[in-house]
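Please look at the sequence and the model first, then read the points below.

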Amino acid sequence: MGRVCEQSCERAAEWWAKAADQGDADAQSNLGDAYREGQGVPQSYERAVELYNLAEAQGDARATTHLGWCYHNGKGVDMSYVEARRLYELAVARGEVQVTPANLQALNDEIQQDCPLLGQRVVLRGLNTAALNGARGTAVDF
């Protein structure tokens, strides 16, 4: 009968860090996951983003998806629907089809809910350029 090793997130993170330091994209992505979840290392979205960026630059589709999630949710970076969509679409193009399409659909639904006038023609009446600078207006005609 074989021996069973006790699972250790801390040990896994140590080994991933060694491989990540040598430029292994899979290890960078895995270590990014560990930092995002606080598994075996202190939770840090900022460090997760750094690692996902390294892995994404090497074409790692899973890291691309997770980096998109960070932008989608504003974790470790400023929230950006545009960057999240770009990364989700890139991940799909790289072959990540298990999680990313659902993330992309959730993002599209969220954009539609948060920005119902996106793509719609809106005419603001009674306002000049100076009044629009930093001011809020009411859509009165579509």
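Which side-chain oxygen reaches the backbone nitrogen of D26 at the start of α2? The oxygen belongs to D24, and the distance is within 3.2 Å. The model is predicted, so to speak of local features a pLDDT of at least 70 is needed, side-chain atom pairs count only at pLDDT 80 or more, and totals for chains, interfaces and linings use all residues. Residues are numbered from 1 along each chain as its sequence is written, and side-chain values use heavy atoms, with hydrogens and water left out.

**Helix α2**

- Helices are DSSP runs of H or I with at least four residues, numbered from the N terminus.
- Helix α2 covers residues 25-37, and its end C-alpha atoms lie 18 Å apart, which agrees with the 18 Å that its 13 residues should span at 1.5 Å a residue. The expected span is 1.5 Å times one less than the number of residues.
- Of the 13 residues in α2, 11 are buried, where buried means under 20% relative accessible area, exposed over 50% and partly exposed in between (1.4 Å probe, protein chains only).
- Among the buried residues of α2 are L31, G32, Y35 and R36.
- The buried residues of α2 pack against α1 (9-21), α3 and α4, with contact taken as heavy atoms within 4.5 Å.

**Aromatic rings and charges**

- The model has 1 aromatic pair. Rings of Phe, Tyr and Trp (its six-membered ring) pair if their centres lie within 6.5 Å; planes under 30 degrees apart count as stacked, over 60 as edge-to-face and the rest as tilted.
- Y45 and W69 make up this tilted pair, at 6.4 Å centre to centre and with 40 degrees between the planes.
- Y45 belongs to helix α3 (residues 45-57) and W69 to helix α4 (residues 61-73), so the pair links distant parts of the chain, 24 residues apart.
- Y45 is partly exposed at 23% relative accessible area, and W69 is partly exposed at 26%.
- R36 lies over the face of W69, 5.4 Å from the ring centre. A charge sits over a ring if NZ of Lys or CZ of Arg is within 6 Å of the ring centre and within 35 degrees of the ring normal.
- The charged end of R47 sits over the ring of Y35, 5.9 Å from its centre.

**E83 in helix α5**

- E83 is placed in helix α5 (residues 81-93).
- The side chains of E83 and R86 are joined by a polar contact of 2.7 Å. A polar contact is a pair of N or O atoms within 3.5 Å; within protein, one must be able to donate a hydrogen and the other to accept it, and residues adjacent in sequence count only if both atoms are side-chain atoms.
- E83 and L67 are 16 residues apart along the chain, and their C-alpha atoms are separated by 9.3 Å.

Key
Helices (H or I, at least four residues) and strands (E, at least two) are DSSP runs, numbered from the N terminus.
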